[in-house]
Amino acid sequence: MSAIVKIGSTSFSTGMTYERTKTLATLGTGNITITDKENSDDLARLNTEKVNGEARETALGHTTQVDKSLVKTSMGTKVDATLDTRLLTEEGRAEIKQEYKDMDKNMKTIANTLPNATSDNPIESTIGKLWDNVAAYATLGVLPSYGNNGGVLGEIPILSGNKDSVQAVLQVVSKNAPLYEKSTDIFIPIEQSDTYKMMSEEQQAKVTGLYISKDPVMITKDNATYQNGGNGIMNDKGLAVANVLEQTGQSNKSSTVEATVFYNPSRGMVGDSLETLVDLFGGTTGIAKQEGEFVVNVTTARGSEGSNFTQHSQDNALLYSGINYINSADNTGAKFLSADKFIKDNGDKSGIPTFESFGSPVNGEVLKGLIGENGLGYTYMGAFTHNGDFVGEGLGGNSGIQGQASWLDRINLLNTLKLITPSSPHSSYSPYENEFALISKDVAGYKK
């Protein structure tokens, strides 16, 4: 029997061999003559050996083998089991738990070793773009890439409520913005950023001349902006920034621009979709917790100066789940201020936070109940949905301006094909469009 124990695994094996022999009778003197050897059944019990090369029955003086093997058998069992022996100690279990929490960081580290589509090296850039597309579309984010922040494996701890280490709060400003004049050292020309390199040429043209924070920022009373927004699935930083500027009515760079972007990192179609499903059906992802905390921080910091939030696509699910988290007993941090805290001394209510949904997978009536008079007491402007936008109509049940989609629109699976077209009705929303202008005009654009 043998046993081997290794760190992290156990291998156990047993073996047994059984042999039975018989010491056979041997004649002292003389030979045995068998007259009917062909019909004798018990010759196996007779000890014989070769003498001078001839087979013969045992004779005295020539006997060297008196034991006859009757039975010989062997059997064994082998079990291999992998056991993380750290489970046996409190320190080990704490180490495993931390490794699980850090899985998104570790996968991001792996992703950073892969070709970068925004690299200044043209060869790496070309390979990076190719691999990003393979990982994003061919494998739906199962394989890691630089662009998907490590793919599905990086998403796993986020799904169970751990904070997303890749999530970032970015700020984009124009040179004449008070925030830029107050903190020029934290901004760089947007053309020098990876965010700019991720944009299409059309998007780049709209942001050229603006400035972006060099590093993710922490929201404080000194830097909180009126306009804030978040992005949906499969968005990189470039698309997230471009969409938030558009949705907050700040695409015209000739005017003053100040916007804070709650960047929701993408980990591919599978990871992002799982994230959305968890938040829609009663769970709370780590990124949703961060969304709720972001809204609390901005609204509290801005106070009666007011704040506006534009949610596109999945960001509405994050808002829904994030607000529920902030209101729950699980949240031991800051809570939402009551609506009266945002009313100025003269009774002006314009400081009450406002929210807008674009292409939302959450129904507008649900968000209104959570945010409006019967919820936080804030102002919900409504859910705005383009015709044919499957995410807003099919998943969210929304239609047009604060309307409800018909059952025909909800089950129209042909609209799903439009999601992957260049002119997708889901990809772009502007509060300056005719159909939304009457509702959004009071909260669109720069406000100090």
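This is a predicted model: local features need pLDDT of at least 70, side-chain atom pairs count only at pLDDT 80 or more; totals for chains, interfaces and linings use all residues.
1. Helix α9 covers residues 268–280 and helix α11 covers residues 314–327. They pack at an angle of about 35°, and their axes sit 9 Å apart.

2. Have a look at who touches whom in this pair. From α9 come Asp272, Glu275, Thr276, Asp279 and Leu280, and they meet Gln314, Ala317, Leu318, Tyr320 and Ser321 of α11.

3. Helix α10 takes up residues 286–302, which makes 17 residues. From its first C-alpha to its last, α10 reaches 25 Å, close to the 24 Å expected at 1.5 Å a residue. Of those 17 residues, 14 are buried, so α10 is largely enclosed by the rest of the structure. Just after α10 you'll find glycine 303, which takes a positive phi of about 55°.

4. Now over to valine 173, which lies in strand β6 (residues 168–173). Its relative accessible area is 0%, so valine 173 counts as buried, the cut-off being under 20%.

5. What is valine 173 in contact with, leaving aside its neighbours within four places in sequence? The list is Leu179, Tyr180, Phe187, Leu210, Tyr211, Val257 and Glu258. Isoleucine 212 is worth a look too: it is 39 residues from valine 173 along the chain, yet their C-alpha atoms are separated by 6.5 Å.

Key
Residues are numbered from 1 along each chain as its sequence is written. Side-chain values use heavy atoms; hydrogens and water are left out. Axes are lines fitted to C-alpha atoms, for helices over the stretch in contact, and angles run from 0 to 180 degrees between N-to-C directions. Helices (H or I, at least four residues) and strands (E, at least two) are DSSP runs, numbered from the N terminus. Contact means heavy atoms within 4.5 Å. The expected span of a helix is 1.5 Å times one less than its number of residues. Buried means under 20% relative accessible area, exposed over 50%, partly exposed in between (1.4 Å probe, protein chains only).
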